[in-house]
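Please brief me on this model.

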Amino acid sequence: MALIFQRLARNFVKNGYYPTDSETMSRIIQALSFNGQSCSLIDPCCGEGTALAEIKHAISDDNQVTTYGVEYDKERAWHSKQILDYCIHGDLRDCMISARQFGLLFLNPPYGDSVSDKAQLSASKTGRLRLEKEFYKRANGLLQFNGVMVLIIPYYTLDSELSTWISRHFNRVKAYMAPEKQFQQCVIFGVRHKVTNDWSTTEEYQTTRQTLIGVGNGDIKADVLPEHWNEQTFSNHEGDGFYHIPELLD
């Protein structure tokens, strides 16, 4: 599938910004579906806005899909404002955004150690303070229940702490390696759910957590994100195997 907005992007790496390449985006889009009347999508580290614009272009038909972005870099934010419905030029950490308002969270956060951790690079009991973790903590609550997350991070940042967070907040979690190998990225899909007191005792939680930890430390080699997504390939998923973006809440 040709990605029309990718051709408009400069796609450069700067200050921890690693834009999602066109091949990875094409494969991600095949996993997503929307059949409702209206939905809202958010990318809190949207860069030049091309990823969210491509998703909207792919799932929009006779429905209303609204895109929201946040971008710290002035030049990239200006570009995003041209192709997204709304874009804030600012840092997500300084933004006030209502919780549970979006059907899709596309999160490709900055990569690297958090500023507060650079003076003490020793790992704590829970792991290093990484920008990926900080942005995940701030962003995952933006999703409405049954909303879909697409998280793109270097596979080695999946330590015990981050793996536990993802396993707690999401079900139907699947992790794949991106087809583009340069930045060692993995692509994680999940569906936001209401966490119950006994969720951490379920087999799904335990299996998801151990799998993510295994991918992060290299004990488990995740499959490459499939070139073609279909229900036969993913029959172990509930329903038809696709990740369906829910309608906008009233």
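A salt bridge here is a side-chain nitrogen of Lys or Arg within 4 Å of a carboxyl oxygen of Asp or Glu. By that rule, Arg138 and Glu134 form one, with their closest N and O atoms 3.9 Å apart. The model is predicted: local features need pLDDT of at least 70, side-chain atom pairs count only at pLDDT 80 or more, and totals for chains, interfaces and linings use all residues. Numbering runs from 1 along each chain as its sequence is written, and side-chain values use heavy atoms, leaving out hydrogens and water.

**Confidence**

- pLDDT is the predictor's confidence in each residue, on a scale from 0 to 100.
- The protein chain has a mean pLDDT of 86, and 83% of its residues reach 70 or more.
- Residues 117–125 stay under 50 in pLDDT. For this stretch the model has seven contacts beyond four places in sequence, a contact being heavy atoms within 4.5 Å.
- Where pLDDT is low, the predicted coordinates should not be read in detail.

**Overall architecture**

- The protein chain holds six helices and nine strands. Helices (H or I, at least four residues) and strands (E, at least two) are DSSP runs, numbered from the N terminus.
- Of the 250 residues in the protein chain, 56% are buried. Buried means under 20% relative accessible area, exposed means over 50%, and partly exposed lies in between (1.4 Å probe, protein chains only).
- The accessible surface of the protein chain is about 12300 Å², and carbon and sulfur atoms account for 47% of that surface. Areas come from the Shrake-Rupley method with a 1.4 Å probe; for residues, only the protein chains shown count as cover.
- Take the contacts in the protein chain between residues at least 6 apart in sequence: 72% of them join residues at least 24 apart.

- Helix H4 spans residues 131–139. Its buried residues include Leu131, Phe135, Tyr136 and Ala139. Glu132 and Lys133 are buried too.
- The buried residues of H4 pack against strands E5 (102–107), E6 (143–154) and E7 (170–177). They also pack against helix H5 (160–169).

**Salt bridges**

- The whole structure contains nine salt bridges.
- Arg138 and Glu134 both sit in helix H4, four residues apart, about one turn of the helix. Arg138 is partly exposed, at 42% relative accessibility.
- Glu134 also meets Arg93 in a salt bridge (3.4 Å, N to O). This pair links distant parts of the chain, 41 residues apart: Glu134 is in helix H4, and Arg93 is in the loop between strand E4 (86–89) and E5. Arg93 is partly exposed, with a relative accessible area of 32%.
- Asp91, Arg93, Glu134 and Arg138 are joined in a network of salt bridges.
- Elsewhere, Arg27 and Glu23 form a salt bridge (2.7 Å, N to O). Both lie in helix H1 (residues 22–30), four residues apart, about one turn of the helix.
- Arg27 is buried at 13% relative accessible area, whereas Glu23 is partly exposed at 36%.

**Cysteines**

- A disulfide is counted when a pair of cysteine sulfur atoms lies within 2.5 Å. The count is zero disulfides.
- Cys46 is in no disulfide; its nearest cysteine sulfur, that of Cys87, is 3.9 Å away.
- Cys46 is buried, at 6% relative accessible area. Cys87 is buried as well, at 12%.
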